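Here's a quick tour for anyone meeting this structure for the first time. Have a look at the model, then read on.

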Amino acid sequence: MILYLFTFLAGIATVLSPCVLPVLPAILSAGLGRGRYRPLGIIIGLMVSFALFTLALTFFVHLLGISANALRYLAMAIIALFGLVMLFPALGDRFALAASSIATLGAQVQSHASQQTGFKSGLLLGAALGLVWTPCAGPILAVITTLVATQNVTTEIILLTLAYSLGSGIPLFLIAYGGNKALTAIPFLARHSEGIKRFFGALMILTAIGLFFHFEVYLQQIAVKYIPTLQIENNPDVRRELDKLRPASPFSEETVTALKKVHGSELPRIAPAPEIAGIEKWINSESLTLTQLRGKVVLIDFWTYSCINCIRTLPYLTSWYDRYKDKGFVIIGVHTPEFEFEKDSDNVVNATERFHIHYPVALDNTYQTWQVYHNLYWPAHYLIDQEGIIRQVHFGEGGYLGTENAIRNLLGLSQMEGKEPEREIARPITHETYLGASRAKDYQSDIHLKPNEVAFYGYLLPLGNDRAGLKGQWLVESEKITSQSDASELDLNFIATRVYLVMDSVAPHAVAVFLDGVPLPKKYYTADMNANGEILVSEARKYDVINLKGEYGRHVLSLQIPKGVSAYAFTFGDEP
C-alpha cells in the first residue's frame with residue numbers, strides 16, 4: 001500500500017516540477033472556454049491518454065501501423081488547431097468552406113467549445129496533451145516505464161500507472177478549475193476575456209511549435225535553474241517495494257554459483273539468452289539478432305566508452321575477436337550510455353575507431369537490452385553457446401584467462417595454460433568520483449552545490465583525503481560541472497598512480513595540470529597532453545590526466561579549466 005501512496009504523491013509532485021511547463025498553457029486555457037465542464041474534460045482526457053499510452057504505446061504503434069512520432073505529430077496538430085480557433089474564433093467556419101478534413105475538425109472544435117458543457121472539446125485536447133506530456137521521471141515512473149518497455153506489464157504496474165495519473169490529474173484540475181472561476185469572479189479578467197483567450201491561443205500555437213522542435217527540453221533545462229524539483233520517492237521502503245517489481249534475474253552471481261555446484265561444471269547451462277532489443281543503431285555491422293547467430297559462440301559485452309573499467313577490458317575483447325572470429329566466434333558490444341553525451345552515435349563511432357573495435361556494436365540508448373538482461377554493471381560479459389544458452393556471466397574487470405578458456409571450450413579448442421594476470425598488490429586507491437549534482441558525494445565538506453545555477457565556489461584548505469574542491473565560477477548540473485570562467489579550478493586529493501577524467505567542451509580548450517602546487521613534471525605527462533603538459537579537450541570522452549609511472553602515493557591535483565569545458569567524473573588506476 002505504501003508504494004501506491006507514494007506513487008500518487010509522486011504524480012502530485014511532478015505538477016510542481018518544471019516538466020509541467022509544456023502543457024501548462026493548455027491547462028490554463030481550460031478556464032477560457034464557455035463550457036463549465038471543459039476543465040474536467042481536459043484533465044480526464046490527459047489522465048486517460050497518458051496512462052493508456054504509457055502502458056500500451058508499442059501495441060498501438062503495431063496495431064495502427066504508424067510510428068510513435070506520427071501519433072505525437074497528430075497530437076501537436078490538434079493542440080495547434082485549438083490554439084488557432086482560440087486566436088481566430090471565426091477561423092473554424094472559414095476553413096470549413098474549404099472542405100478539408102482538418103478544417104472540419106476545426107469547425108467541430110469551435111462548435112464544441114461553444115456548447116454548454118465544453119466537455120467533448122476538453123476531452124480531445126486532454127487526449128492530445130497526454131500523448132506529448134513527459135513528466136519528470138523519478139524512481140517510481142522510471143521503473144514503470146522500463147518494465148513496460150520490457151513487456152513486464154502486470155496488474156500492479158497498471159494500478160501504479162493509474163495512481164500516478166490520478167495524482168498528477170488532481171492538481172492540474174484545480175489549476176484549470178481555478179482559472180475558470182477566476183475568469184468569472186474577477187471583473188478585470190471578465191472584461192478582457194476575449195483578449196486573454198487570444199493570448200492563450202497564441203501560446204498554445206507556440207507550444208505546439210516548441211514541442212515539434214523539442215524546445216520543451218531546453219525550457220525545462222532553463223526552468224530547473226529557478227524551480228526546484230520536489231523529490232519524495234527516495235524513501236528506503238519505496239525502494240524495497242520497487243525492487244520487488246523487478247523480475248528476479250536468472251543471471252545473478254548467486255544463481256550462477258549455485259548452478260556450478262549443482263552441475264559440477266564451470267560452464268553450466270544458465271538460461272536461454274534474451275534477444276537483443278531496442279537498438280537505435282549498429283556500428284561495424286548490419287542489424288543482428290541472436291537467432292541469426294545460432295551455431296556461433298557469442299559474447300555480449302555491456303560497455304560505455306568513457307568507463308575506465310570497460311576501457312581496460314577492450315584490449316582483451318579485441319584480441320579475442322581477432323583470434324577466434326574465423327572459428328565461429330562473435331562479440332556484440334552493447335553500448336548502454338551512463339551519461340547523456342554517450343548517446344551520440346558519432347561519439348561512439350569515434351570511440352570504436354580509437355579503441356580499434358571491429359566487432360559489431362549496438363547502441364542501446366533506451367536501455368532495452370540492458371533491461372532484458374537485468375544488467376547492473378559496466379562492464380558485464382554474457383557468454384552464449386551455439387544453442388543460444390548463456391554459459392558464463394562475468395561482471396567487472398579480470399577473469400580474462402577464465403573467459404578465454406570458456407570461449408575455447410565452447411569452440412572445441414584445447415585449454416590455454418598459464419595464470420590469470422594479477423595485480424601486484426591490491427593497494428587502496430581513490431574511488432570513482434562523480435562531479436555532477438545527482439551523484440556528487442565527495443566534495444570538500446564546506447562546498448555546498450547550487451544545482452543548475454551559475455555560482456562562485458571556494459573552500460577552506462587543506463583539501464581532505466579523496467575530496468574534490470571547486471574554485472571560481474561554475475555551473476553545476478545533474479551529470480556534470482561546467483566552467484564559467486577561464487580562472488575556474490578543479491582540485492582533487494587522491495591516492496593512485498593513474499588519474500582519468502571524463503570531459504567535454506563546446507570548442508577545443510587547453511586544460512593546465514598542476515601536481516602538489518607546481519606544474520606537472522614532464523615525466524608524468526600522458527598521451528593526451530601537448531608539449532606544454534596541457535590537455536586539449538575537444539570531444540566528450542575520458543582523458544588521461546596523470547601517469548605517475550607506478551610511483552604510488554597521495555597527491556593534490558589541480559586543473560585550471562577554461563570557460564566552456566565540462567567535467568563529469570574522475571576514475572583512478574594503480575598501474576605502472
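Let's begin on the surface. Tyr37, Leu40, Ile44, Val48 and Leu123 make up a nonpolar patch there, and together they have about 380 Å² of accessible area. Patch members have over 30% relative accessible area and no salt bridge; like charges are joined within 9 Å, and nonpolar side chains (Val, Leu, Ile, Met, Phe, Trp, Tyr) within 5 Å. The areas come from the Shrake-Rupley method with a 1.4 Å probe, and for residues only the protein chains shown count as cover.

Helix H3 (residues 38–64) gives the most to this patch, with 3 residues. Ile44 is found in H3, and Ile44 is partly exposed at a relative accessible area of 33%. Here buried means under 20% relative accessible area, exposed over 50%, and partly exposed in between (1.4 Å probe, protein chains only). Helices (H or I, at least four residues) and strands (E, at least two) are DSSP runs, numbered from the N terminus.

A word on the source: this is a predicted model, where local features need pLDDT of at least 70 and side-chain atom pairs count only at pLDDT 80 or more, while totals for chains, interfaces and linings use all residues. Residues are numbered from 1 along each chain as its sequence is written, and side-chain values use heavy atoms, with hydrogens and water left out.

Now for the charges. Side chains of opposite charge can pair when their charged atoms come close. A search of the whole structure turns up 15 salt bridges, each a side-chain nitrogen of Lys or Arg within 4 Å of a carboxyl oxygen of Asp or Glu. Among them are these:

| Salt bridge | Closest N and O atoms |
|---|---|
| Asp385 with Arg391 | 3.0 Å |
| Lys471 with Glu489 | 3.7 Å |
| Lys471 with Asp491 | 3.8 Å |

Lys471 lies in strand S10 and Asp491 in strand S12, so this pair ties together parts that are 20 residues apart in sequence. Lys471 is partly exposed, at 29% relative accessible area, whereas Glu489 is buried at 16% and Asp491 is buried at 1%.

H15 bends by about 35° at Leu314, and a proline, Pro315, follows within four residues. That bend is the angle between axes fitted to the seven residues ending there and the seven starting there. Among the buried residues of H15 are Leu314, Trp320 and Tyr324.
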